Amino acid sequence: MCTYSWKVFLTIEMWVSASLLQLILGSPDANRLYGDLMRDYNKLIRPVVRNTDILTVFFGIKFIQLINVDEVNQVITTNVIVRQSWVDYKLAWHPDNYGGIEQMDVLSNSIWTPDIVLYNNNTTPKFTQTSGLSKNSADGNYHVARVTKATVRFTGEVSWDPPAIWKSYCLIDVQYFPYFGSWTYDGLLINLVPNRGYVKDNEKIAVAMDLSEYKKSIEWDILEASAQRHTILYACCPEPYLDLTYTLVIRRKALFYTVNLISPCVVISFLTVFVFYLPCDSGEKVTLCISILLSLTVFFLLLAEIIPPTSLTIPLIGKYLLFTMILVAASVVFTVLIINVHFRNPRTHIMQPWIRSVFLGILPKLLLMQRPWPDREPHLRPVNSFSNPITVSDDTSDERRPFSENRTPPPHLRARVNQRQVFTISQALRRPNSSVQKATDGINYIVTEIKNSKRDKEVALQWKYMAMVLDRFFLYIFTIVSVAGFFLIILDAPSLYEKDVSIPQVCDAPVHPESDKAWLCLFDNDDL
């Protein structure tokens, strides 16, 4: 029993080993076919019967992923599958002679392939210590760096779909995507044709990229993936050269930058308005202005790191930051002027009549401002210390004697005068070096100082009120300018009004594989 089991196991093992050996060695017909095809095959010679014949190469792109958009260096990194097909008459055979084989896969480096390169490639050569300049990496390489297999049919039709990762130079403002063409062969040797939708040169092919396996980007939306074929005549050569220009129009998903860059900038810019609402006596107006200015400077430094250093155009957020910085700088200047007006006094500045008329009369009414106390116009002419002396007389009439020009004596003094006291003030004044005269002079001095102090205080209050009027005026002006600048700059972004739908879209219903919709549809995993 054990011997029988061992024999069965040995038989199975030998059968598996023979099958693996056959798989390794391959089909005898396939080996013979490959040997016949590669015999006397020269991969350096263009596969045409006559040297004057034109070889047609069909070219297309299957767009897989938009890996990165480097806005500072203006480089776009993409993951694509390059689809190329042509007819190589030297690779044709009769299937009946080779066991019915109609197609086979061969390494692309063993057959002739077109030298189609990426014109606007962005590649940095790598250096090694042993061999010096080495081959470029797969990222951004001119040619497809990875060796893949090409599918050859019995009719001689060759299909080669290698994957590639390209780093292509692109103007971010224009957002056009790569330019392809043959580097060696001119238009008289190779006819480079898009693999679908081509009618004539310079005519736009709306659906030129296969997006059916596109991995959606978290930052960019694709709006257009078109192509055009151009025939170019260079000054050096009389032969025409063909190139295919693939245009990829992308639009940024602005939510990230709106939340993390634009919104804080807008909030900080509107803080400028509250500088003119802060009282001058707080002593923090200039501090608030400088703090806002420093915050905007930080945003400027952040913006300089994420936008390309180009002088062709100014980004929208750059325009708004520049506008806001000018606004804040102007607020600093006006705040200093308002603080200067606030702390003026009649001993250092004279308020001209037109200033009093405009800033204390006309402008407050226009700004709907009203002073909490009635206007009291102070006398601006200087008061002489002895212009309004205390008058005394020995007249014993009942008429009231004024102590000043506009003030009568108190009732108890009038009673004493009416009683005709023996020692009258008039009699005391007739004596030389009278103490009463000295007291009179002191009282006149005190009255004069009180009047001057009252006048100075009222003028200083007028300067403070003028500063308050200026604060209110610039509060309205800066509010209007800030809101108008926001609407004119930020809301001018075209993405707020564009109705273009991004491609590709998820399609549920089956579509014909050769239709344009098949190239612009993403299918759920359940449908695959």
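Modeller: Start with a helix pair: α4 passes α5 in a left-handed crossing. Keep in mind that this is a predicted model.

Biologist: Which residues make that contact between α4 and α5?

Modeller: On the α4 side they are Lys 285, Val 286, Cys 289, Ile 290, Ile 292, Leu 293, Leu 296, Thr 297, Phe 299, Phe 300 and Leu 303. From α5 the list includes Ile 317, Gly 318, Leu 321, Leu 322, Thr 324 and Met 325. Val 328, Ser 331, Val 332, Thr 335, Val 336 and Ile 339 of α5 are also among them.

Biologist: At what angle do the axes of α4 and α5 cross?

Modeller: At roughly 165 degrees, and the axes come within 10 Å. That angle makes α4 roughly antiparallel to α5, because anything over 145 degrees counts as roughly antiparallel.

Biologist: How many residues does α4 have, and how far does it reach?

Modeller: Helix α4 covers residues 285-306, which is 22 residues. From its first C-alpha to its last it reaches 33 Å, close to the 32 Å expected at 1.5 Å a residue.

Biologist: Which residues of α4 are buried?

Modeller: Lys 285, Cys 289, Ile 292, Leu 296, Phe 299 and Leu 303. Looking down the axis of α4, these buried residues fall within an arc of 85 degrees, so they line one face of the helix.

Biologist: Why would residues spaced like that point the same way?

Modeller: An α-helix has 3.6 residues a turn, so residues three or four places apart point the same way.

Biologist: What covers the buried residues of α4?

Modeller: The cover includes α3 (255-270), α5 (316-342) and α9 (435-489).

Biologist: And which residues are exposed on the other side of α4?

Modeller: Leu 294, Val 298, Leu 301, Ala 304 and Glu 305 are exposed there.

Biologist: Staying with α3 for a moment, is Ser 269 buried or exposed?

Modeller: Ser 269, which lies in helix α3, counts as buried, at 3% relative accessibility. Apart from its neighbours within four places in sequence, Ser 269 is in contact with Tyr 320, Thr 324 and Ser 482.

Biologist: Which residues is Ile 307 in contact with, leaving aside neighbours within four places in sequence?

Modeller: Glu 71, Val 72 and Pro 315. Ile 307 and Asn 73 are 234 residues apart in sequence, but their C-alpha atoms are 8.8 Å apart in space.

Biologist: Change of topic: α6 and α9. How do their axes cross?

Modeller: The axes of α6 (residues 353-366) and α9 come within 10 Å and cross at roughly 50 degrees. That makes α6 oblique to α9. The crossing is left-handed.

Biologist: What makes the contact between α6 and α9?

Modeller: From α6, Ile 355, Arg 356, Phe 359, Leu 360, Leu 363 and Pro 364. From α9, Gln 462, Tyr 465, Met 466, Val 469, Leu 470 and Phe 473.

Biologist: And the loop between α6 and α7? Is Gln 370 buried or exposed?

Modeller: Gln 370 lies in the loop between α6 and α7 (411-418) and is exposed, with a relative accessible area of 74%. Gln 370 and Leu 360 are 10 residues apart in sequence and 9.9 Å apart in space, C-alpha to C-alpha.

Biologist: Which residues have a positive phi although they are not glycine?

Modeller: Leu 368 is one of them, with a phi of about 60 degrees. It is found in the loop between α6 and α7 and is exposed, at 77% relative accessible area. Asp 40 also has a positive phi of about 60 degrees. Its place is the loop between α2 (28-38) and β1 (55-70), where Asp 40 is exposed, with a relative accessible area of 77%.

Biologist: Last one, for the whole protein chain: how many helices and strands?

Modeller: The protein chain has 10 helices and 16 strands. Of its 528 residues, 35% are buried. Among contacts with a separation of 6 or more, 74% come from residues 24 or more positions apart.

How values were computed:
Residues numbered from 1 in each chain as written. Predicted model: local features only at pLDDT ≥ 70, side-chain atom pairs only at ≥ 80, totals over all residues. Heavy atoms only, no water. Helix = DSSP H or I, 4+ residues; strand = E, 2+ residues; numbered from the N terminus. Expected span 1.5 Å × (residues − 1). Buried < 20%, exposed > 50% of the residue type's maximum accessible area, 1.4 Å probe, protein only. Arc of directions from axis to C-beta. Contact = heavy atoms within 4.5 Å. Axes fitted to C-alpha atoms, helices over the stretch in contact; angles between N-to-C directions. Parallel < 35°, antiparallel > 145°, perpendicular 65-115°, else oblique. Left-handed = near helix turned anticlockwise from the far one by under 90°.
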